[in-house]
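Please keep the structure open while reading them.

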Amino acid sequence: MYKKILVPLDGSDTSNLALDHAIALARLSGGSVVLFHVIEELAYSNGFERPKIYIEQVRPRFIATSQTILDEASARLRQEGVNVETLLLESGGKRASELIAEQAKASGCDIVILGTHGRRGVERFLMGSDAEQVARIASVPVMLVRG
């Protein structure tokens with residue numbers, strides 16, 4: 001039923017829990033997993049660094065950190081005998097939720113499994129919920145996993 005599973009990762013405990021669910025589902029269905037990480041560049045800039053510093057020092061660090069998240073997760077999947085591919089994308093100012101929904105469609109995924117922090121009230125209002133937005137706009141089923 002689910003032959004290709006998209007799992008957006010951000011390195012959090014909830015995204016690792018979503019990965020656990022994806023492994024179980026992939027093993028049951030014989031499916032493969034697409035690990036996806038979106039780099040939100042603005043989270044790594046204080047706005048005061050010179051462009052040269054950002055390009056030569058800041059950007060390489062956040063790309064390396066992001067790649068490590070994907071490499072560690074893909075190693076775990078391979079160890080479990082699950083076929084895996086990885087995708088790393090810089091947001092370019094777009095919301096992560098939009099990019100996740102677009103990637104699910106572009107990769108031909110049958111389901112998206114992602115962790116949610118379960119924010120409520122003012123915290124949710126201020127920070128938003130990418131997971132909730134993905135569930136609204138994705139063209140495939142979305143499984144939300146809470147910590």
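**Notes on the sheet and its packing**

1. Helix H2 (residues 51-79) lies across E2 and E3, and the helix runs at about 165 degrees to E3. Note that this is a predicted model. Helix H3 (residues 96-106) also packs on the sheet, where H3 touches E1, E2, E3 and E4. The direction of H3 makes about 150 degrees with that of E2.

2. Ser66 has its place in helix H2. Is Ser66 buried or exposed? With a relative accessible area of 1%, Ser66 is buried, because buried means under 20% relative accessible area. Leaving aside neighbours within four places in sequence, Ser66 is in contact with His37, Ile39 and Leu88.

3. Next, the sheet itself. In which order do the strands of the open sheet stand? The open sheet has 5 strands in the order E3-E2-E1-E4-E5, with parallel pairing. Strand E3 (84-90) and E5 stand at the edges with a single partner strand each, so one side of each has no neighbour in the sheet. From one strand to the next, the twist averages 20 degrees.

4. As background, strands of a sheet pair through backbone hydrogen bonds, either parallel or antiparallel. Here strand E2 (residues 32-39) pairs with E3 in the parallel sense over 7 bridges. Within this pair, Ile39 of the Ser66 contacts stands opposite Glu90 in E3.

5. Strand E4 has two partners to check. Strand E1 (residues 4-8) pairs with E4 in the parallel sense over 2 bridges, and the bridge partner of Ile5 in E4 is Ile111. E4 also pairs with strand E5 (residues 142-146), in the parallel sense over 5 bridges. Thr116 stands opposite Arg146 in E5.

6. How many residues of strand E4 (residues 111-116) are buried? The count is 6 of its 6 residues, and the strand is mostly covered. In a regular strand the side chains alternate between the two faces of the sheet. In E4 both faces are covered: Ile111, Ile113 and Gly115 are buried on one side, and Val112, Leu114 and Thr116 are buried on the other.

7. Return now to H3. Its buried residues are Ala96, Ser97, Leu99, Ile100, Ala101, Gln103 and Ala104. What do the buried residues of H3 pack against? They pack against E1, E2, E3, E4 and helix H5 (130-137). Just after H3, Gly108 takes a positive phi of about 70 degrees.

8. Last, the nonpolar cores. The largest nonpolar core has 21 residues, and Ile5, Val33 and Leu35 are those with the most contacts inside it. E1, helix H1 (13-29), E2, H2 and E4 each supply at least two residues of this core. The largest share, 6 residues, comes from H1.

9. A second, separate core has 16 residues, including Ala96, Ile100, Ala131 and Ala138. Ala96 and Ile100 are also among the buried residues of H3.

Methods: Residues numbered from 1 in each chain as written. Predicted model: local features only at pLDDT ≥ 70, side-chain atom pairs only at ≥ 80, totals over all residues. Heavy atoms only, no water. Buried < 20%, exposed > 50% of the residue type's maximum accessible area, 1.4 Å probe, protein only. Helix = DSSP H or I, 4+ residues; strand = E, 2+ residues; numbered from the N terminus. Pairing = 2+ DSSP bridges. Axes fitted to C-alpha atoms, helices over the stretch in contact; angles between N-to-C directions. Contact = heavy atoms within 4.5 Å. Core = buried A, V, L, I, M, F, W, Y, C linked by side-chain atoms within 4.5 Å.
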